[in-house]
Amino acid sequence: MKSILLKLLFFFFIASHIQAQELLPFVENYNKSDYQGDNQIWNVAQGKDNAMYFANNHYLLRYDGVMWEKYTLPNKTIIRSIMIEGDKIYSGSYKEFGYWYRKEGKMHYVSITKNLRLFDEKDNEEIWKIFRFNGSIYFQSFNDVFIYNGKHIQKIKFPFLISYCFVVDNSVYVASVEKGLFKMDCSKITNPKGWNVLKKTVVHAIEKYQNKTYIFTQKKGIFIVEKEGLRTWNHPLNETLKDATINVAKFIKNNKLVIGTGNRGLFIYDFNTDSYKNIDRNNVLKNNSVLSIGFDKENDLWLGLDNGITHVEVNSPISFFYDNSGILGSVYSVAAIDKGYLIASNHGVFEFVSGKFKMLPNTQGQAWNITKINNKYIIGHNDGTFCYENGTLVKINNISGGWNLSKSIINNTYFQSTYSGVLVYDDISKLTQYKIIKDLSKPIKYVAQNKKNEIWAADNYRGLYRVQFDDHFNTKKVENITQQSKIKNDFGIKIFEFRKEILFLINNLWYTYNSITNNLEENELFNSNFKNITDVVAIDNDHFVVLQNGILYHIYATGNKFIWNIIQEKYYKGTLINDNLRIFKTQNHYLLNLDDGFISLQLKYENKQNSNVKIEAFNGGDLIIDDSKIKYNTELRINVISGIYGASKPNLFYKLNKSKEYIQISNGQVVLNNLNSGNHSIVIYKHDGASYEKVSGFEFKVAEPWYFSIWMVMLYMLIIGAVLFFYYKWNKLRYMQKLKLQAEELKHQREILEMELKAENELNVQEYQKHILELELQTKSSEVAGKSLSIAKQSEMIENIQSILDSEKDFNKLKSEIRKAIKINEVNKHEWEIFETNLNQIHNEFIINLSKKFPSLTPKDIKLCVYLKMNLSSKEIAPMMNISFRGVELHRYRLRKKLNLSQEENLSKFLLSV
């Protein structure tokens with residue numbers, strides 16, 4: 001019970017506090033932080049150069065859509081009025097008037113009153129209005145009018161205090177502060193008959209419309225001039241204007257009247273519909289005091305406020321519903337109803353009828369979608385689905401989260417995507433009777449059907465499903481087509497119905513289903529025409545909206561051709577609800593939801609972007625022309641000026657130095673830094689979403705850095721020459737010193753070398769002699785050893801034989817004993833082996849060298865060589881080798897052949913040299 005009471009209180013609060021808001025034109029507000037000037041804007045006018053000029057107290061402001069400029073008068077006085085005449089901007093201030101002209105990117109002032117004594121010392125005159133009449137320019141103060149014909153100035157002084165002068169039907173009317181309105185004829189003034197009602201009131205505007213003259217007073221409202229006199233404008237708005245305090249009024253295009261007031265902002269009255277809109281601080285205006293109204297060539301308004309400037313696009317094809325209170329919340333869907341709108345937001349469902357808002361009962365919370373079916377409005381809500389008809393709201397079901405409701409292409413069946421799956425309404429007259437597609441218990445965001453017994457369902461997160469069912473909607477098969485098609489990135493899939501064909505937008509690519517391969521295939525038509533698309537919403541069969549790189553485009557399809565119309569980003573920047581764009585078509589308009597309201601756009605919206613752009617390039621604060629040269633490492637600011645401030649402002653991109661990348665121009669300005677020296681070019685393109693069209697270009701040259709200038713190059717060459725010269729001298733000196741040192745070093749090295757060679761030679765001689773001595777010693781040792789062995793044996797044998805001779809008498813026995821003694825005294829095998837081993841050790845080096853040089857020698861050959869090297873005779877060698885003398889000679893002969901010695905060569909000498 002307590003929760004019900006709280007809900008009722010909340011509903012009552014919402015219903016009683018939310019303020020009615022009409023569809024309003026787009027409004028851009030500029031404050032002091034934007035133009036860096038003063039508060040009040042006393043006058044507004046557009047120049048021949050399409051720039052907007054403002055009288056802003058101490059400043060003349062200039063705005064070309066890209067850059068704000070401000071200028072002060074030489075005497076620093078307050079500028080109250082401006083008027084455009086050709087290339088001149090006339091301005092009026094305290095005891096001063098003149099004109100401005102633009103040259104080299106800056107405004108320059110010329111005083112008309114300089115050195116002229118037009119004002120008395122006691123006068124306290126300010127020029128509040130400037131206008132042209134009969135070929136002359138009138139400068140009006142509160143007491144005087146100065147008429148300037150280009151050469152001379154005529155001063156007319158009035159006997160009373162005046163507010164403003166007005167030109168109507170080739171006549172000048174002068175409004176006094178207290179005595180009414182007068183007609184001026186040269187220097188004479190007369191008070192028209194029947195206009196006494198204007199006495200003691202201030203007239204702030206006189207305008208003619210459809211052959212009627214309207215007089216706008218400060219506090220008495222609006223009067224219409226008739227033959228008998230004046231009559232009050234008979235309209236309820238007039239009473240409101242009396243309290244609002246009229247400051248300025250203008251008739252504009254399409255039979256509309258705009259009135260700027262002192263405390264209620266701006267009123268726009270439409271004569272066609274006999275209705276009005278009020279733009280004030282309660283909705284989008286930053287200040288309620290409108291001091292002046294100006295126009296641009298698009299017939300849109302520029303308001304000079306008591307504190308700031310406002311641009312109002314009254315002729316734009318786009319209208320807006322704003323909710324600055326925040327009570328409405330984020331709008332997720334909107335639908336047109338009789339005399340108003342039905343709005344679904346994250347705070348609930350609201351009804352806007354006859355200028356008043358009301359939250360529908362029991363709809364607090366997130367509402368997703370509104371779909372119109374005949375006279376019924378089906379509302380998908382977090383708490384279920386509702387049906388709104390003839391002001392009555394009925395709940396259809398309790399299934400949460402009706403995201404979208406789509407009609408089948410082949411019949412009158414409707415499918416609703418919800419948090420938990422898909423609902424089917426096969427009889428729209430019985431909405432409470434619905435069916436649920438089973439085996440698909442997922443959060444489904446989009447559903448579409450173009451074939452019987454089959455639907456397509458896109459998961460809110462990822463995945464695309466093909467669901468097949470029988471005639472009673474009983475599920476037969478559920479397939480994840482993106483998985484079958486091996487599409488890895490299948491998050492946030494969009495389903496788009498185009499001319500009875502279903503397309504799928506997956507990761508910026510367009511797909512269609514191939515029933516033969518049972519896979520998704522890329523669609524050539526859409527992929528070639530619509531690249532980098534992140535969202536798409538259908539309007540009808542021939543119109544739809546796409547979101548490309550954060551910018552909305554209205555697409556009109558004719559055959560296989562698509563006409564792109566940009567919807568300027570400024571209308572929705574930061575207010576689009578991602579993945580929840582919804583469109584409701586109503587007659588010749590369509591409604592698009594935003595985070596803080598919604599937009600109404602004309603269905604036949606055609607944005608013919610302006611192609612005429614002007615380039616102003618500034619380097620170091622100075623304007624430079626095409627093909628100019630700028631200093632190295634300086635900033636170049638290129639202002640791309642279209643002169644368009646409204647809906648047809650072009651979407652511009654640029655390419656630098658023939659690069660392949662198109663770069664979007666932000667706020668009409670391109671800032672270039674860190675450019676290399678040399679020639680550069682920048683080309684400006686207009687982009688309609690599908691193609692780029694060249695609209696302008698600018699070429700310039702970056703100078704060489706100062707350290708590469710001609711004088712610096714000459715200095716570098718001089719320095720290099722001096723360095724080379726001194727280096728040459730220094731190097732030559734070093735070279736001579738080096739030569740001297742080298743000569744001394746060579747001499748010293750020669751001496752050392754000679755000493756080393758001498759010592760080395762002496763050492764070599766000593767070593768050689770030592771080696772020879774060792775060889776000789778070895779040879780002698782061998783000889784001695786051999787001789788010793790031989791002598792010892794011979795001595796022993798002789799002694800034995802002598803002993804035998806002395807003892808034996810028998811000859812035969814003697815003979816036998818002698819033979820036995822000789823045999824006994826023969827050298828045994830072991831002794832010979834010891835002898836040969838010693839001999840080999842003594843002559844080891846000789847044996848190794850000989851074996852290396854003559855590997856074919858046998859051990860006996862080597863032994864013979866050793867004996868020959870020992871200088872033994874054949875007779876001495878024979879018993880040592882146990883062969884005959886003749887055998888030794890034959891062996892020597894064979895050895896010579898193996899050693900390749902000629903007959904003349906001595907064998908012993910050869911062996912000594914080995």
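The model is predicted. The count of salt bridges comes to 26. The count of aromatic pairs comes to 77.

**Salt bridges**

- Side chains of opposite charge can pair when their charged atoms come close.
- Arginine 462 and aspartate 490 meet through their side chains in a salt bridge, at 2.8 Å from N to O.
- Arginine 462 lies in the loop between β43 (454-459) and β44 (464-469). Aspartate 490 lies in the loop between α4 (481-484) and β46 (494-498). The pair therefore ties together parts that are 28 residues apart in sequence.
- The two partners sit in unlike surroundings. Arginine 462 is partly exposed, with 38% relative accessibility. Aspartate 490 has a relative accessible area of 3%, so it counts as buried.
- Aspartate 540 and lysine 585 also form a salt bridge between their side chains, at 3.0 Å from N to O.
- Aspartate 540 is in the loop between β50 (533-538) and β51 (543-548), while lysine 585 is in strand β54 (residues 583-586). This pair ties together parts that are 45 residues apart in sequence.
- Aspartate 540 is partly exposed at 24%. Lysine 585 is partly exposed at 37%.

**A salt-bridge network**

- Lysine 614 and glutamate 616 form a salt bridge, with their closest N and O atoms 3.8 Å apart.
- Glutamate 616 is buried, because its relative accessibility is 8% and the cut-off for buried is under 20%. Lysine 614 is partly exposed, at 34%.
- Both residues belong to one network of salt bridges that share partners.

**Aromatic pairs**

- Tyrosine 30 and tryptophan 302 have ring centres 6.1 Å apart. Their planes are at 15 degrees, so the pair is stacked.
- Tyrosine 30 lies in strand β1 (residues 24-30) and tryptophan 302 in strand β27 (residues 301-305). The pair therefore links parts that are 272 residues apart in sequence. Tyrosine 30 and tryptophan 302 are both buried.
- Tyrosine 35 and tryptophan 68 form a tilted pair. Their centres are 5.6 Å apart, with 50 degrees between the planes.
- Tyrosine 35 is in helix α2 (residues 32-35), and tryptophan 68 is in strand β5 (residues 68-71). That pair ties together parts that are 33 residues apart in sequence. Tyrosine 35 and tryptophan 68 are both buried.
- Ring pairs also link residues into a cluster. Its members are Phe496, Phe498, Trp510, Phe526, Phe530, Phe544, Tyr553, Phe562 and Trp564.

**Charges over rings**

- Lysine 445 places its charged end over the ring of tryptophan 403, 5.7 Å from the ring centre.
- Lysine 655 places its charged end over the ring of tyrosine 662, 4.7 Å from the ring centre.

- Helix α8 spans residues 829-842 and includes isoleucine 842. Isoleucine 842 is partly exposed, at 24% relative accessibility.
- Isoleucine 842 and serine 677 are 165 residues apart in sequence. In space, their C-alpha atoms are 91 Å apart.
- Helix α11 spans residues 874-881. Its buried residues include Ser874, Ile877, Ala878, Met880 and Met881.

Terms used. Residues numbered from 1 in each chain as written. Predicted model: local features only at pLDDT ≥ 70, side-chain atom pairs only at ≥ 80, totals over all residues. Heavy atoms only, no water. Helix = DSSP H or I, 4+ residues; strand = E, 2+ residues; numbered from the N terminus. Buried < 20%, exposed > 50% of the residue type's maximum accessible area, 1.4 Å probe, protein only. Salt bridge = Lys/Arg side-chain N within 4 Å of Asp/Glu carboxyl O. Phe/Tyr/Trp six-rings, centres within 6.5 Å; stacked < 30°, edge-to-face > 60°. Lys NZ or Arg CZ within 6 Å of the ring centre and 35° of its normal.
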